Amino acid sequence: MEPSQNQNIARLRDEVLNNKGTSLQEKFDRVLNLVKVLRSECPWDRKQTPQSLAHLLLEESYELVYAIDEGDQQELKKELGDLFLHISFQVLMAEEAKTFSYAEVFDALCDKLINRHPHVFGDTTAENEQDVLKNWESLKLLEKNRRSLLDGVPKAMSELLRAYRVQKKVAGVGFDWQSDEGVLDKLTEEIAELKNAKTSAEQEEEFGDLLFTIVNYSRFISTNPEDALRKATNKFMSRFMNVEKMVQASEKSWREFSPEELDALWNSAKKSL
């Protein structure tokens with residue numbers, strides 16, 4: 001007689017609690033068993049769906065990036081674990097729906113990477129990074145009979161990063177500026193058009209064009225705009241919090257400071273950091 005579902009879960013619970021394992025395979029299995037136990041025994045985990053966990057997956061990704069930015073290896077280790085937990089839950093829910101398994105995820109990953117690296121696993125030549133990117137985008141276009149090079153750009157990402165991805169994709173097939181000077185000229189043009197915009201709709205459109213051009217320029221200086229903006233925001237926050245401390249130490253309210261005095265505090269914060 002096969003063991004009941006409850007007996008299986010009880011066995012998995014004991015395995016998770018009492019057997020940390022020594023090999024990588026055993027530790028991997030422990031995580032998968034842990035996810036199965038949570039899915040069965042925890043009321044919150046039982047009610048989750050792929051869609052309900054999507055926003056949490058994004059949050060974990062951002063927390064992982066923050067740990068990387070901070071250079072905090074202990075936190076990075078934890079955040080990688082959190083991200084893997086979400087991946088494991090997504091695969092488990094797919095197994096429940098009988099759509100795919102972990103084995104199929106791994107096979108699909110290896111097949112895709114082998115196919116997109118013919119310069120490593122085949123007889124195609126790639127002399128530099130640009131050759132690799134051109135091969136990559138051309139091969140992606142052949143997959144799933146995609147009608148457009150841009151079909152694979154995810155919509156669930158920040159618009160700054162989405163613009164960057166779109167521009168990198170079209171650049172991969174040669175649709176790009178010839179030099180950064182051309183982009184800078186376009187940037188000057190977009191600033192002038194924004195200044196001359198009359199209605200709010202025109203201003204919004206021209207501002208969008210300006211942002212898109214700035215993202216374009218970021219590629220020419222090998223800078224990811226999302227990374228650059230995140231670091232600039234973090235820098236501003238650090239400086240502003242330093243200004244806050246100086247305001248609090250003065251025992252005066254914000255309104256009691258003139259713009260010139262606040263500017264002086266800001267410059268002081270910049271120097272101290």
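These legends walk through several close-up views of one predicted model.

The model is predicted, so local features need pLDDT of at least 70 and side-chain atom pairs count only at pLDDT 80 or more, while totals for chains, interfaces and linings use all residues. Residues are numbered from 1 along each chain as its sequence is written, and side-chain values use heavy atoms, with hydrogens and water left out.

View 1. Helix α4 covers residues 50–70; helices here are DSSP runs (H or I, at least four residues), numbered from the N terminus. Look for L53, E60, L64 and A67, the buried residues of α4. Buried means under 20% relative accessible area, exposed over 50%, and partly exposed in between (1.4 Å probe, protein chains only). Helices α3 (43–46) and α5 (73–96) are among the parts that cover these buried residues, where contact means heavy atoms within 4.5 Å. After α4 comes G71, with a positive phi near 70°.

**View 2. N216 in helix α11.** N216 sits in helix α11, residues 200–220. Is N216 buried or exposed? N216 counts as buried because its relative accessibility is 10%. The side chains of N216 and R219 are joined by a polar contact of 2.6 Å. Such a contact is a pair of N or O atoms within 3.5 Å; within protein, one must be able to donate a hydrogen and the other to accept it, and residues adjacent in sequence count only if both atoms are side-chain atoms. Setting aside neighbours within four places in sequence, N216 also touches Q167, D176, W177 and V183.

View 3. Side chains of opposite charge can pair when their charged atoms come close. A salt bridge is a side-chain nitrogen of Lys or Arg within 4 Å of a carboxyl oxygen of Asp or Glu, and the whole structure has eight of them. One joins R13 and E41, whose closest N and O atoms are 3.2 Å apart. This pair links distant parts of the chain, 28 residues apart, with R13 in α1 (residues 5–18) and E41 in α2 (residues 24–41). R13 is partly exposed at 32%, and E41 is partly exposed at 40%.

View 4. K186 is partly exposed at 23%, as is E189 at 36%.

View 5. The side chains of D227 and R230 form a salt bridge of 3.1 Å, N to O. Because D227 and R230 are three residues apart in α12, about one helical turn separates them. Salt bridges that share partners join D69, D227 and R230 into one network. F240 is also in α12, residues 225–250, and is partly exposed at 31%. F236, M237, F240, M241 and W254 make a nonpolar surface patch of about 480 Å².

Note on methods:
Patch = residues over 30% accessible without salt bridge, like charges linked within 9 Å, V, L, I, M, F, W, Y side chains within 5 Å. Areas by Shrake-Rupley, 256 points an atom, 1.4 Å probe, with all protein chains shown as cover. Helix = DSSP H or I, 4+ residues; strand = E, 2+ residues; numbered from the N terminus. Expected span 1.5 Å × (residues − 1).
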